[in-house]
Amino acid sequence: MASFATHLNVAAFVSGIASVSIGYSNLSTPTEVLSFFFAGIVGGVLPDIDHDKSTPIKILQFFFSNLIAFLITFRFIGKIPILNILIIWIGSYLLMSLFFYFFKKFTKHRGMIHSIPAAFIFWFLTSLISYKYFDLGITKSYFLGFFVFLGYITHLILDEIYSVDITGKKIKKSFGSALKICSSNKTINLLVYSLLFIIFIFLPKKDILFHIIKGIGNV
């Protein structure tokens, strides 16, 4: 399995190249390109959110707790008193901390969080929230979600590469546990694919999504 630092650096490299390419094509503003870049980095470490045995992962969960608390609070800025903003922030952070506590209890590392359908879930979910919650344009929302997906897939590919011991000419037991489409647990598979289907149903203007996917496939 690749280290946290390796995932972070490779995700930044891949995301950087992809975001700069979009910038040169004049499809997005410099600010949007920067947001795509950071979305790719976030996606690059996101699959390890179910891992709780290392300090970097604990920092990652702390980061996501604060990030989500900020996103929840963001909608209220300028609309309610600052004291209420603070209360919402603290409440949101505690709620997310509680969520991650139970999340770690009911998930295992290299489970369906490390899978291709999970990558699509985070793509579609990011795009849906960006469009509905932050009023980001639909095309930009899909691109933002795609960069999360790109970082996510990069993480899974890295894990598979590191599961092959080239020097020892052998394949580790972890091979195939990251870049997969299902697990041995049928109930978990049903839940994951049901969630993916539900999020997909709620996606707006899917023709734009298909156009983006077609364009990526032609690259």
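Me: Contact here means heavy atoms within 4.5 Å. In this predicted model, which residues does Ile80 touch, not counting residues up to four places away in sequence?

Reply: The model is a predicted one. Ile80 lies in the loop between helix H3 (55–74) and helix H4 (82–106). Once residues up to four places away in sequence are set aside, the residues that Ile80 touches are Ile85 and Ile88.

Me: Is Ile80 buried, partly exposed or exposed?

Reply: Buried residues have under 20% relative accessible area and exposed ones over 50%. The relative accessibility of Ile80 is 27%, so Ile80 counts as partly exposed.

Me: In what order do the elements of the chain run from the N terminus on?

Reply: The chain has eight helices and two strands. Read from the N terminus on, the order is α-α-α-α-α-α-β-β-α-α.

Me: What percentage of the contacts in the chain with a separation of 6 or more is accounted for by residues 24 or more positions apart?

Reply: The chain has 219 residues, of which 38% count as buried. Among contacts with a separation of 6 or more, the share from residues 24 or more positions apart is 69%.

Me: Are H1 and H2 roughly parallel or roughly antiparallel?

Reply: The axes of helix H1 (residues 4–24) and helix H2 (residues 30–45) come within 8 Å and cross at roughly 150°. Angles over 145 degrees count as roughly antiparallel. The orientation of H1 relative to H2 is therefore roughly antiparallel.

Me: How many nonpolar, polar and charged residues does the contact of H1 with H2 have?

Reply: The crossing of H1 and H2 is right-handed. H1 contributes residues including Phe4, Leu8, Ala11, Ser15 and Gly23, while H2 contributes residues including Val33, Phe36, Gly40 and Val45. By class, the contact of H1 with H2 comes to 11 nonpolar, seven polar and no charged residues.

Me: Which element gives the largest share of the largest nonpolar core?

Reply: This core has 38 residues, and the members that touch the most others are Ile49, Trp123, Phe124, Tyr142, Phe147 and Tyr152. Two or more residues come from each of H1, H2, H3, H4, helix H5 (116–133), helix H6 (138–162), helix H7 (186–202) and helix H8 (206–217). The largest share is 12 residues, and the element that gives it is H6.

Me: Which residues does Tyr152 touch, not counting residues up to four places away in sequence?

Reply: Tyr152 is one of the core residues that touch the most other members, and it is also one of the H6 residues in the contact with H5. Apart from residues up to four places away in sequence, Tyr152 touches Gly43, Gly44, Leu46, Pro47, Ile113, Ser115, Ala118, Ala119 and Phe122.

Me: Are H5 and H6 roughly parallel or roughly antiparallel to each other?

Reply: The axes of H5 and H6 are 8 Å apart, and the packing angle is about 155°. With the limit for this class set at over 145 degrees, the two helices are therefore roughly antiparallel.

Me: How many nonpolar, polar and charged residues are in the contact of H5 with H6?

Reply: H5 passes H6 in a right-handed crossing. The contact involves Trp123, Thr126 and Tyr131 among others of H5, together with residues of H6 including Tyr142, Phe149 and Leu156. The classes are 16 nonpolar, five polar and no charged residues.

Me: Are H5 and H7 roughly parallel or roughly antiparallel to each other?

Reply: The axes of H5 and H7 come within 9 Å and cross at roughly 30°. Angles under 35 degrees count as roughly parallel. The relation of H5 to H7 is therefore roughly parallel.

Me: What is the phi of Lys205 near?

Reply: Lys205 is in the loop between H7 and H8. With 46% relative accessibility, this residue counts as partly exposed. Its phi is positive, in a residue other than glycine, and is near 45°.

Me: How far apart in space are Lys104 and His51, C-alpha to C-alpha?

Reply: Lys104 is part of helix H4 and is partly exposed, at a relative accessible area of 26%. In sequence, Lys104 and His51 are 53 residues apart, whereas in space their C-alpha atoms are separated by 7.3 Å.

Key:
Residues numbered from 1 in each chain as written. Predicted model: local features only at pLDDT ≥ 70, side-chain atom pairs only at ≥ 80, totals over all residues. Heavy atoms only, no water. Axes fitted to C-alpha atoms, helices over the stretch in contact; angles between N-to-C directions. Helix = DSSP H or I, 4+ residues; strand = E, 2+ residues; numbered from the N terminus. Parallel < 35°, antiparallel > 145°, perpendicular 65-115°, else oblique. Left-handed = near helix turned anticlockwise from the far one by under 90°. Nonpolar A, V, L, I, M, F, W, Y, C, P; charged D, E, K, R; others polar. Buried < 20%, exposed > 50% of the residue type's maximum accessible area, 1.4 Å probe, protein only. Core = buried A, V, L, I, M, F, W, Y, C linked by side-chain atoms within 4.5 Å.
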